[in-house]
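Please read this briefing alongside the sequence and the coordinates.

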Amino acid sequence: MTAGSLSCNDIQVSFSGLKAVNGVTFDFQPGQLYGIIGPNGAGKTTLMNALSGHAKLSGGQVMLDGRDVTGLSVHKRTRIGLGRSFQITKIFAGMSVLENLQLAAFAHLYRLQPFWLPAGRFPAVRERAESVLEEIGLTVMAHRPAETLSHGDQRALEVGLALLSNPSVLLLDEPLAGVGHDQIGPAMELIKRIVKGRTVLLIEHNMDVVMRVSSALVVMVQGQILASGSPEEIRANAEVRAAYLGEEE
Amino acid sequence: MKRRNFLRSAGALTLASTLPAPMVLRAATPEDYHIAGILSFSGAYGLIGNDMRKGAELAVAMRGGELLGKKVRFSWEDDETKPQPAVQKASRLLAEGTQLMFGAVSSASTLALQSLSTQRKVPHLVTISADDSITKMDGARYSFRTSNTLAMEMNMCVEFVKKRGIKRVYAVTADYQATRSAFDDFAAKAKAAGVEIVGNDFAPLGNRDFSVIIDKMARSDADGILVVATGNDGVTFCKQAGQVGMGQNKVLFGPVLQDEIFAAATGEAALGVNSGVRYHFSLDNPANAEFVTAYRDANGDYPSAFAGEAFDGLRWWMDVIEATDSWDVETWVDAFETSVYENSVEGRKEMRACDHQAKQVGLWGEVVKGEAPLPDLTMKITEEFSANSLFSDC
Amino acid sequence: MTRRIIGQALMGIIIAVMIIVPFFVQDEQWVNLVSLILIWALFAIGFDLVFGVTGMLSFGHAALFGAGGYALTILTLSYGVGFIPGLFAAAIVGAVLAYLMGLFALRVSGLFFALLTLALAQMMYILASNKLRAITGGLDGIPGVPRPDLFGINFYDNHNYYGFIVAVFLIGLALMALLRGSPFGRALRAVQANDVRAAQLGYNVHSLRQSAFIVSGAYAGVAGALLASLIFYISPQMLHWSTSGDVLIMTVLGGKGTLLGPILGVALFELLKEELSQITQYWYGILGLVFIFATIFLRNGIAGMFQGDQDEGDMQ
Amino acid sequence: MSIIVIGLSLSFLLFLLAAGLTLIFGMLGVINFAHGALYMLGAFVGYQIVHMTGSFWLGLLFAPLIVACVGALIEILALKQVYDRDHIFQLLLTFGFILVIDDATKMIWGFDYKQVPTPEIFMAPISMFGSQIPSYRLFVIGFGAAVSLALFLLLDRSKWGMIIRAASSDPEMAQTLGVNVNRVRTGVFALGAYLAALGGVVSAPLVPIELGMGFSVIIDCFVVVIIGGLGNIRGAILASLLLGMTRAAGYTYATEWVELLTFALLIGTLMFRPAGLFSTKGRSA
Amino acid sequence: MKLLALESCNVTYGKAQALHSVSIEVAQGEVVSLIGRNGAGKSTILKTIIGLKQPVSGRRVWKGDDVTARLPNQLGRLGIGYVPEDRRIFDNLTVHENLRIATVMGRTGAWTETRIFEMFPVLLDRASQAGNTLSGGEQQMLAISRALLTNPELLLLDEPTEGLAPLIVDELVDSMRRINEEGMTLLLVEQNLRVPMKLAHRQYVVDNGTVQWSGTTADLLANREEIEKLISV
């Protein structure tokens with residue numbers, strides 16, 4: 001199996017009776033970027049939670065690189081090579097941007113082994129953090145406390161944190177949510193830069209972006225996959241149009 | 001923003017300037033006789049500490065506030081009924097050159113002070129804590145107890161059972177080292193005297209509900225109920241026993257089960273309860289008459305056992321060291337070790353050199369209705385057991 | 001940033017002065033007071049690793065504190081173990097007990113964690129007070145806890161013992177500074193700031209929480225042992241939940257999550273207690289008011305005052 | 001048989017002590033550490049009223065109302081400032097109030113023990129199942145049952161309960177319907193304080209009234225509330241019954257183990273159901 | 001008559017700005033819809049109207065009065081009803097209680113529980129069930145009924161048809177039309193065009209926190225291509 005394959009087999013997630021994800025089966029091919037779209041409440045984020053280990057499955061299997069990771073904890077999936085950003089920004093307030101990234105780099109490179117040395121003493125960590133910093137374009141912000149960044153920059157940092165472990169599978173949950181109109185362009189460039197060589201699942205509502213960056217689209221409605229295919233196919237799909245525009249079938 | 005910064009800096013400065021303050025405040029003057037009173041002034045035992053303070057201050061006031069020609073000065077500290085603050089505060093006062101440690105209330109704090117006294121070679125006077133281990137054979141050289149021991153009070157219970165003709169005893173004992181061994185002691189002696197122990201329950205210290213135990217007692221054929229618990233636990237027990245009218249066909253008694261303070265907290269249910277009494281204001285002797293009058297003049301109230309014992313012990317100590325006419329601690333200790341106190345408010349006390357425990361008579365009383373000016377519920381002294389029947393030889 | 005550094009330096013200076021003064025002052029009460037402050041400060045900086053750094057409110061630290069004290073006392077008095085090995089044993093006992101408590105308490109978080117640690121510690125208190133009286137001396141405790149016997153120095157002299165306490169305190173402080181600055185310390189902060197993200201980065205959040213609790217237990221154990229030997233006495237009172245409450249108040253007053261804040265908090269607490277208790281018997285109530293105000297208005301305690309890092313939004 | 005009656009009285013006393021704590025948690029998400037202090041304050045105020053009027057019933061009526069006002073003040077002056085912060089801050093605040101209330105009580109009433117006599121009509125015990133059962137115990141059972149019923153009716157059946165539940169379930173939504181959530185919160189906290197004080201007054205004829213009494217009950221309250229499931233009133237009733245009966249059995253057969261039995265029950269519960277025995281999502285009344 | 005207006009409102013979530021100088025007007029008796037994709041800011045506009053979000057600048061005007069400083073409970077009593085996006089049924093109240101609370105707290109008027117049960121008989125069947133046991137459509141009916149029972153003059157509906165089966169959507173649309181015909185003003189948020197095309201007199205298209213387009217439904221038909229780009233795939 002090549003690194004970066006991710007597949008789910010009939011996965012189900014339910015919250016107090018409500019089936020948020022109801023039998024999703026899909027093979028995500030290595031190196032592809034999948035745009036996951038669908039109306040509110042379709043179960044997109046829950047699907048991501050199921051893949052990253054944040055949501056408990058009530059049925060089904062998740063395979064990562066051919067390995068069954070269904071019962072594995074979040075941190076173990078990360079160590080196998082799964083990265084993720086969140087819809088609601090989860091950065092470490094009270095730390096600088098660089099420190100945020102160093103934390104991630106440490107987990108990735110050392111797993112705390114030489115924990116007694118000052119955190120600044122690890123050139124590899126710093127290098128890795130700084131390279132990601134450059135990748136996400138926040139080098140000038142390195143020493144700013146993370147919570148003082150603009151919303152757009154915080155979203156970039158969010159993506160950077162997911163990126164640091166150099167994951168083969170990257171889950172991006174609305175990386176552009178709340179990003180101002182003027183910043184959409186650079187943010188999209190960033191996404192395009194970082195996805196190379198990875199399997200990426202992207203939840204995004206900005207259709208311009210999704211259409212332009214995705215190699216394939218997966219449309220979810222009511223906890224299930226309604227359709228999948230190339231952007232053109234999806235655009236032409238009557239069912240999808242109905243779901244979005246609410247036109248009569 | 002400017003104002004905020006100013007406020008912050010001011011706060012910081014204030015903090016910084018308070019740091020060295022204690023040194024300035026507490027420059028000691030060695031020109032007096034300094035007594036460190038470490039007692040409970042807060043919490044459930046705060047009442048005891050306050051009464052002891054009144055008794056002790058009266059003992060000094062009645063000799064003109066002087067000892068060995070120097071002014072007597074008290075420092076009162078609240079140990080919160082905990083050993084750690086007791087030691088902490090005592091250490092500070094010792095650093096000022098204290099000549100006598102007085103206290104504490106709880107046996108735990110007293111034991112802690114005792115180890116400090118031994119280590120610092122400063123006399124330590126105990127007038128309340130009853131734990132037997134405070135006055136062990138060949139124990140702490142500088143520690144003395146002028147009040148009752150629990151063992152002695154348990155012996156009074158045995159004497160009372162014999163005298164009253166009680167045949168079967170059901171006991172409730174606080175689950176605590178001192179009270180457990182006190183009960184064992186009582187049980188052995190009572191059995192020897194032909195009394196049957198029909199039951200005993202160890203109740204947790206601070207127990208708030210005795211109803212099940214009381215029910216077991218009420219159903220038993222015991223004619224005597226022994227309560228080896230004091231303070232809150234004793235009051236709670238008597239209150240709840242009163243609600244089933246247990247006193248009507250069984251005699252309730254215990255080592256320090258009731259006095260005027262506890263009776264006031266118990267209410268009517270205290271009537272008829274028998275208890276060891278450490279000191280009582282009604283004792284008929286000149287020394288006591290003088291003390292009670294002075295105490296009532298000063299505080300408008302009858303002295304409690306805590307006040308009485310504190311007064312008595314401190315006066316005894318001061319009488320003895322006044323007689324030595326010396327400022328040498330060892331001389332004081334040697335003199336007190338062998339002293340006899342003929343002028344005690346309880347009649348006569350005698351210090352035992354072997355364990356530094358005052359040998360004394362044992363008082364026993366019953367709660368009765370009091371007429372003004374006496375409290376509503378008051379102790380009537382019913383027995384006075386001789387010292388020889390209560391103390392075994394050294 | 002510079003403001004922060006100046007604030008840190010100022011705090012450091014105040015603490016340094018506090019530590020140095022007793023060496024030059026013959027006044028023993030000052031020595032005693034600072035000894036006490038340093039011991040509680042050791043306890044507080046350990047406690048803050050769990051509370052301020054990792055973000056778990058433990059109400060069970062009294063048990064760890066007391067367990068350390070008992071470990072030293074029992075080993076030295078009953079088994080003839082030396083003081084220094086006894087002190088190490090206190091650290092180990094504190095850590096092991098923390099591990100055991102964690103087995104139960106770490107299954108839950110937030111307020112449940114606070115209540116559960118409280119209940120567990122209170123159970124230890126009850127055990128120590130009566131069922132284990134054969135080894136703990138019951139409520140009467142054990143008097144005569146020894147002090148070190150080293151290099152022929154008489155540590156029963158409070159000045160000399162003070163030197164020993166300072167040494168242990170500084171070692172503890174230095175280790176804690178290293179730990180907090182290390183990747184491990186950063187990771188603990190990350191757990192507090194956002195545990196979901198920390199897990200997503202590949203950190204094992206549960207074992208980080210557990211490790212913090214264990215290290216904190218070792219600090220509490222050493223502090224408890226030092227306190228027992230300072231006052232030559234130990235009793236289950238040290239395990240009572242009000243002890244946990246005291247260390248919590250100290251830490252919040254000083255500034256949780258900062259290295260030096262808790263030390264100042266302890267100093268302020270003990271000073272207020274010393275000074276207020278001479279003026280009024282209601283000092284605990286006044287302390288309560290100070291604590292309430294600090295909770296509402298000074299989110300970062302005294303340390304926040306020095307560093308000026310209050311979030312402006314909080315003050316409204 | 002008599003043990004069941006006594007066990008019931010233990011249970012309902014526990015419930016009276018814990019009800020306010022679990023109510024405040026259930027509706028506000030606040031752990032009120034000062035609950036024990038308010039209980040003590042209730043007992044003292046109750047004593048004062050009984051002392052002045054000679055009537056236990058006036059004490060039972062008015063003391064909890066006065067303490068409820070104190071509770072409302074605590075909520076308005078302090079708690080209100082920190083609702084938007086982490087729950088730990090609310091806990092810290094109420095912890096601070098323990099110290100303040102304790103010292104205020106000491107300042108007002110001094111150190112002496114106080115006592116409230118058993119009300120005249122419950123002086124005589126009643127013979128039941130071969131035992132003399134104190135009639136005041138029977139009153140406690142009846143009163144405790146009545147209070148739990150009243151709480152149930154208030155929370156589950158009344159308009160006010162409906163508003164309280166709505167405000168705790170979704171404060172924003174309740175607000176858009178016209179509910180003044182601020183006022184509801186103050187009211188709930190005051191009600192919790194009222195219940196704490198009610199426990200204090202009902203306990204008064206059974207125990208000495210002294211400054212340490214709050215400290216000694218708070219752990220019991222926590223145990224009941226944790227076993228019952230935080231914030232769950234029905235759970236609190238069941239947990240009180242479980243604990244009360246366990247204790248009654250403990251006092252009968254192994255008195256000295258009663259305290260540890262309590263904790264064993266607690267730990268056993270948490271081993272298997274960390275969120276409490278009777279925790280059910282959804283209905284909190 | 002102008003019933004409600006937002007005038008140049010800027011709204012933020014923490015440091016992120018959600019609305020940029022948004023102005024909206026609703027006249028008495030109208031049905032107005034806000035359309036746009038997820039995250040465009042439509043829900044925030046409704047929240048700003050009912051007071052759950054306070055604008056950092058700009059005004060909220062009700063019948064000509066500036067009510068910017070009012071709290072949600074006060075606005076509710078002025079006559080604004082709110083049906084939130086995720087329905088927000090009180091999960092520890094029964095279905096009947098979810099309605100009663102509105103009756104108790106709200107204004108009196110033409111809407112009574114009896115009428116509601118006539119309109120949505122299924123709610124009567126389920127009156128004693130816990131609110132969270134209802135199906136999605138039933139929850140939606142409950143949420144609308146709850147808002148109606150406060151007898152509002154303006155009813156805000158946030159995606160009322162989301163996640164519902166087409167048949168139920170039709171039923172809902174009919175009910176909304178009837179409600180409007182009885183004189184109630186509706187402000188509707190939708191992601192798609194299906195309902196707005198049927199119901200609304202006027203439309204606002206929202207994207208990225210600003211109003212991108214506004215006009216009548218007829219205008220919208222005329223500019224359909226352009227609008228679809230703003231809201232579709």
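Predicted model: local features only at pLDDT ≥ 70, side-chain atom pairs only at ≥ 80, totals over all residues.

Residues are numbered from 1 along each chain as its sequence is written, chains are lettered from A and ligands numbered from 1 in the order in which they are written, and side-chain values use heavy atoms, with hydrogens and water left out.

**Interface of chain D and chain C**

- Contact means heavy atoms within 4.5 Å. On that basis, 42 residues of chain D touch 40 residues of chain C.
- The two chains, D and C, bury about 3900 Å² between them, and 83% of that lies on carbon and sulfur atoms. Buried area is the accessible area (1.4 Å probe) that two parts lose on being put together, summed over both.
- Chain D and chain C share 1 salt bridge. The term means a side-chain nitrogen of Lys or Arg within 4 Å of a carboxyl oxygen of Asp or Glu.
- Glu256(D) pairs with Lys131(C) in a salt bridge, with the closest N and O atoms 2.9 Å apart.
- On the side of chain D that touches chain C, helix H4 (87-109), helix H9 (213-228) and helix H11 (258-272) of chain D each supply at least two residues. Helices (H or I, at least four residues) and strands (E, at least two) are DSSP runs, numbered from the N terminus.
- H4(D) provides the largest share of that side, 15 residues.
- By class, that side of chain D has 33 nonpolar, 4 polar and 5 charged residues. Ala, Val, Leu, Ile, Met, Phe, Trp, Tyr, Cys and Pro count as nonpolar, Asp, Glu, Lys and Arg as charged, and the others, Gly among them, as polar.

**Chains without contact**

- Chain A and chain B make no contact; their closest C-alpha atoms lie 19 Å apart.
- Chain A and chain D make no contact either, with their closest C-alpha atoms 9 Å apart.

**Second largest cavity**

- There are 12 cavities of 30 Å³ or more. On a 1 Å grid over the protein atoms alone, a cavity is a set of points where a 1.4 Å probe fits but cannot get out; lining residues have an atom within 4 Å of a point.
- The second largest cavity has a volume of about 180 Å³. Grid points are joined across faces, edges and corners, and a volume is the space filled by probe spheres set on the points.
- Of its 18 lining residues, the closest to the centre are Lys82(B), Gln84(B), Pro85(B), Trp40(C) and Thr243(C).
- H11(C) gives the most to this lining, with 4 residues.
- The lining divides into 8 nonpolar, 5 polar and 5 charged residues.

**Salt bridges overall**

- The whole structure holds 55 salt bridges over all chains.
- In one of them, Asp32(B) and Arg73(B) have their closest N and O atoms 2.8 Å apart. This pair links strand S1 (residues 32-39) to strand S3 (residues 70-78) of chain B, 41 residues apart.

**Backbone details**

- The Gly103(B) to Ala104(B) peptide bond is cis, with omega near -5 degrees.
- Asp10(A) has phi near 50 degrees, a positive value in a residue other than glycine.

How values were computed
1 Å grid on protein atoms, 1.4 Å probe; cavity = no way out; pocket = protein on both sides within 12 Å on 5 of 7 lines; lining within 4 Å.
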